[in-house]
Amino acid sequence: MKRFLGALIIGLSFLGTVAFSSVAPIPGAKFEHAPYSDRICSLCHQRDDENNPGPINQPDVNSVCMTCHDAFTGTHLHKAMETNCTNCHNPHNSNTERFLRAPAPELCVRCHTQIGNIINNSATKHGAIEVGKSCLNCHNPHASKVEKLLKGLPYDLCVNCHDNDNLVDHNGKKLVNIKKLIETKPYVHAPVAEKDCSACHKTHGGDNFRLLVEPYPATFYSAFEEKNYALCFTCHDSTMVTEPQTTNLTGFRNGDKNLHFLHVNREDGRGRTCRACHEVHAAEQPHNIRDGVPYGSGGWVLKIHYEQLPTGGRCAKTCHTTREYKR
Amino acid sequence: MRWFILTLILCSATLTDAFSYLKPGDKAENFSLVTATGDVATLFSDSVKVNVVIFFRPNQLHSQEAAAAMAKDLEPGLANKSVRMVGVVSDRYSPEEINTFVQVSGLKMPILVDHQDNVVGYFGVILHPEVGVFNSDGVLLDYRHFASINFIDVVRAEIRYNLGEITKAELDAVIAPVQDQINENRLKAERRLNLARTLLKHNMVDKAAGEVQQALTYDNTLASAHSFYGKILVLREDHANACGEFATALKLDPADADGLEGIKDCPQN
């Protein structure tokens, strides 16, 4: 019985593969490839007989395609294309534009199963996958100058949508116009300067607030715990805040007194954290220090007056009286 | 004025400090450090044209991924070039952690162990991994923050540029690749033209004519489509219109081969 079930499973799997790999014409399909539309079978096959066209007339599928289509070039090539154009395209006809064997993302996640799982199961969704051309909004499925077959660097792609004052997230919460925010500030965070939004944001979906790759608090005032700011420590060494004394791990120190440590390790529960002092995208002040902190429920912002000095800095009349530090 | 300010901001946005205390043009101290294998090595060598210093954290995912990618896609291509790469890791990590990092990544470069983060503090390294490209005298030529996209491509291009293998324009094209702009109509026209050529090889003159006309409806500035249509008109013995197509092709592209060939038999020549 076990053997029978095993054979059945293998048999069904094989049938599934055959069904997936079939590029036979689809009866009544909406879009027809020109040679098929004209029924000139011999352009691709060995015979001009629609009922029995025989094998293809070149040693491999891609050579057939390249008799009309130009080869795609780029630093990064899609494996699916390199092996066989018909992995994605039905050379006869299709109900999907460009003769795709299924629309994106359905077609893409047949191979990119992990991405499919992220798209389907993430708590926070990314609208980019759900609108327009889905995966093809950001990826070139053939070849690209950029890794992951991106059409451009992440920032250049992201601001195609995130340059909008009316964009909202899945909960209807308004999203900031990130292009406007970044391009009107003189100081930008390193990943922003590298146009690398994906250093901090997952682009297919995620479980953290704002699609962040690691936890970062959604609310402004929250007590500092290293695990709550795991996002920051994907690049920055957490010792820059956890070592009470240092002469090497941070420039924000007075002599060897680590002022990051001093700020985040307060027991008054006021939530002096990475977020309390630093902007994550761009800022008006050096070290991405924010303009001010929200204070009270009336929307008042307590300004942070930071001044960079040759060997340190100064914060004037903000959360505390004017204090200066010197390395 | 608004555009001027925006341009200034955009320019400044590309100029971030990798190292807090070392800027391009600064000469760095050539630290001598113990390596992960127990030898002693310096940060820079004066016997190579380009020195590359990479700051890693063995327990950090970005460092692990970047190191593995460098071992696979960067180090092999630099084997016979005047380049020396070294990694720097803190002695806060145990020898076992450092050895595991090296073995798992497959890195071949020497790993220098930074006692009490002195080199990190001297450079002002604030994130990892971070790359500095230096000349043989230890003068910082360029630096590169970690990026999740194109990091190895960019580091490779920085090295090749400083070796004199590529131009500044080629380096810039890797650092800031222009977003793909696809001219859909031109692509469609070229595909139709290619199909027309294939049809003509099969002696299907009328179908080839139909396809090339279709190509011209997508893009009537495609010189090769005009000259190919001219060739079909010659086959149809419509010489007057054929010559018109050859002339149009040559107006669009004076070097169009079929146009130059076809125009030879036209009366005005």
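In this predicted model, 38 residues of chain B are in contact with 41 residues of chain A. On the chain B side, four helices each supply at least two of the residues that touch chain A: α1 (2–13), α2 (61–73), α4 (118–123) and α7 (184–201). By residue class, the side of chain B that touches chain A divides into 14 nonpolar, 17 polar and seven charged residues.

Chain B itself is assigned two domains, domain 1 covering 17–175 and domain 2 covering 184–263. The C-alpha centres of domain 1 and domain 2 of chain B are 54 Å apart.

Strands of a sheet pair through backbone hydrogen bonds, in either the parallel or the antiparallel sense.

Strand β1(B), residues 32–35, and strand β2(B), residues 40–42, pair in the antiparallel sense over three bridges. In this pair, B:Ser32 has B:Thr42 of β2(B) as its bridge partner. Four residues lie between the two strands of the hairpin, and B:Gly38 there takes a positive phi near 95 degrees. β1(B) also pairs with strand β5(B), residues 111–114, again in the antiparallel sense, over two bridges.

Within β4(B), B:Arg84 stands opposite B:Asn51.

Helix α9(B), residues 223–235, and helix α10(B), residues 239–252, have axes 8 Å apart and an angle of about 165 degrees between them. Angles over 145 degrees count as roughly antiparallel, and α9(B) and α10(B) are therefore roughly antiparallel to each other. The crossing of α9(B) past α10(B) is left-handed. From α9(B), the residues in this contact are B:Ala223, B:His226, B:Ser227, B:Tyr229, B:Gly230, B:Leu233 and B:Val234, and they meet B:His239, B:Asn241, B:Ala242, B:Glu245, B:Phe246, B:Thr248, B:Ala249 and B:Leu252 of α10(B). The residues of the contact divide into eight nonpolar, six polar and one charged.

Chain A holds an open sheet of three strands, in the order β11-β12-β13, with antiparallel pairing. Its edge strands are β11 (305–309) and β13 (323–326) of chain A, each pairing on one side only. The twist from one strand to the next averages 15 degrees in this sheet. Strand β12(A), residues 312–316, pairs with β13(A) over four bridges in the antiparallel sense. One of the residues involved is A:Cys315, whose bridge partner in β13(A) is A:Arg323.

Note on methods:
Residues numbered from 1 in each chain as written. Chains lettered and ligands numbered in written order. Predicted model: local features only at pLDDT ≥ 70, side-chain atom pairs only at ≥ 80, totals over all residues. Pairing = 2+ DSSP bridges. Axes fitted to C-alpha atoms, helices over the stretch in contact; angles between N-to-C directions. Domains from an automatic or database assignment. Parallel < 35°, antiparallel > 145°, perpendicular 65-115°, else oblique. Left-handed = near helix turned anticlockwise from the far one by under 90°. Contact = placed C-beta atoms within 7 Å. Nonpolar A, V, L, I, M, F, W, Y, C, P; charged D, E, K, R; others polar.
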